[in-house]
Amino acid sequence: MEVQELGGARVLVAGAAGEPVAGEREALDLLGDAYYREASWVALPVERLGAEFFRLRSGVAGAVVQKFAQYRMGLAVVGDVSARVAESDALRDFVRESNRGLQLWFVEDLPGLAGRLADRGVIRGS
C-alpha cells in the first residue's frame with residue numbers, strides 16, 4: 001500500500017494482492033492504516049472484495065461502508081464491476097446512488113478517481 005496525491009487528496013492506494021476485505025475487521029485495518037498515513041480516501045481494488053460484498057443481502061457492503069462513514073473516510077472501489085452490476089438490479093442501484101454521494105465511489109481506475117476528487121473539490125482532510 002502506498003499514499004498518492006490524487007485530485008488534491010491524499011489517497012491510500014491498496015494493491016490487488018492482499019487480505020480480502022470481508023467485513024468490519026478488515027475495514028478497520030484499512031482505516032487505521034489510512035489514518036496513520038494521513039489519507040482522506042482509500043482506493044481499494046475490486047479484486048480485494050469478495051463475492052459477499054456484492055451480494056447486498058449479505059450485509060458485508062453495508063458493514064464496510066458504515067465503518068468508513070463513521071470515521072469520515074472516503075472509499076473508492078477501483079475496477080470493473082459491470083458484470084456484477086448486470087446481474088443485480090439492487091447492486092446497480094447501490095452503485096449509482098453511491099456514485100452520487102461523497103462517501104463511496106465505484107471508479108474504473110485511479111485516473112478516474114483523481115478526476116472525481118478534483119471535480120468534487122475534495123481536499124486533504126475532508
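Rings of Phe, Tyr and Trp (its six-membered ring) pair if their centres lie within 6.5 Å; planes under 30 degrees apart count as stacked, over 60 as edge-to-face and the rest as tilted. By this rule the count comes to four aromatic pairs. One of them is discussed in point 5.

1. **Basis.** This is a predicted model, in which local features need pLDDT of at least 70 and side-chain atom pairs count only at pLDDT 80 or more, while totals for chains, interfaces and linings use all residues. Residues are numbered from 1 along each chain as its sequence is written, and side-chain values use heavy atoms, with hydrogens and water left out. Helices (H or I, at least four residues) and strands (E, at least two) are DSSP runs, numbered from the N terminus.

2. **Helix α1.** Residues 24–36 form α1, a helix of 13 residues. From first C-alpha to last, α1 reaches 18 Å. That is close to the expected 18 Å at 1.5 Å a residue; the expected span is 1.5 Å times one less than the number of residues. Buried here means under 20% relative accessible area, exposed over 50%, and partly exposed in between (1.4 Å probe, protein chains only). In α1 the buried residues are Glu26, Ala27, Leu30, Leu31, Asp33 and Ala34. They sit on the same side of α1, because their arc around the axis is only 165°. The arc is taken from the directions from the helix axis to the C-beta atoms. These buried residues pack against β2 (9–13), β3 (41–45) and α3 (60–70). Contact means heavy atoms within 4.5 Å.

3. **Two positive phi values.** Glutamate 38 is exposed, with a relative accessible area of 60%. Arginine 72 lies in the loop between α3 and β4. Phi of arginine 72 is near 50°, again positive in a residue other than glycine. Arginine 72 counts as exposed, at 72% relative accessibility.

4. **Strand β4.** How many residues of β4 are buried? Five of its five are, so to speak, under cover: strand β4 (residues 74–78) is mostly covered. Gly74, Ala76 and Val78 are buried on one side, and Leu75 and Val77 on the other. Two strands pair if DSSP finds at least two bridges between them. β4 pairs with β3 in the parallel sense over five bridges. Leucine 75 in β4 is the bridge partner of valine 42. β4 also pairs with β5 in the parallel sense, over four bridges. There, valine 78 stands opposite valine 107 of β5.

5. **Aromatic rings and β5.** Phenylalanine 94 and phenylalanine 106 form an edge-to-face pair, 6.1 Å centre to centre with 75° between the planes. Phenylalanine 94 lies in helix α5 (residues 89–100) and phenylalanine 106 in strand β5 (residues 104–107), so the pair ties together parts twelve residues apart in sequence. Phenylalanine 94 is partly exposed at 23% relative accessibility. Phenylalanine 106 is buried at 8%. A further ring contact involves a charge. The charged end of arginine 116 sits over the ring of tryptophan 105, 4.1 Å from its centre. The rule asks for NZ of Lys or CZ of Arg within 6 Å of the ring centre and within 35 degrees of the ring normal.

6. **Helix α5.** The twelve residues of α5 should span 16 Å at 1.5 Å a residue, and the end C-alpha atoms are 17 Å apart, which agrees. Leu91, Val95, Ser98 and Asn99 are buried in α5. Seen down the axis, these buried residues fall within an arc of 95°, so they line one face of the helix. Asp89 and Arg100, on the other side of α5, are exposed. The cover over the buried residues of α5 includes α2 (51–54), α4 (82–87), β5 and α6 (110–120).

7. **Arginine 84.** Where is arginine 84 found? Arginine 84 is in helix α4. It counts as partly exposed, at 31% relative accessibility. Arginine 84 touches Val46, Phe54 and Leu91, not counting residues up to four places away in sequence. Arginine 84 and glutamate 52 are 32 residues apart in sequence and 11 Å apart in space, C-alpha to C-alpha.
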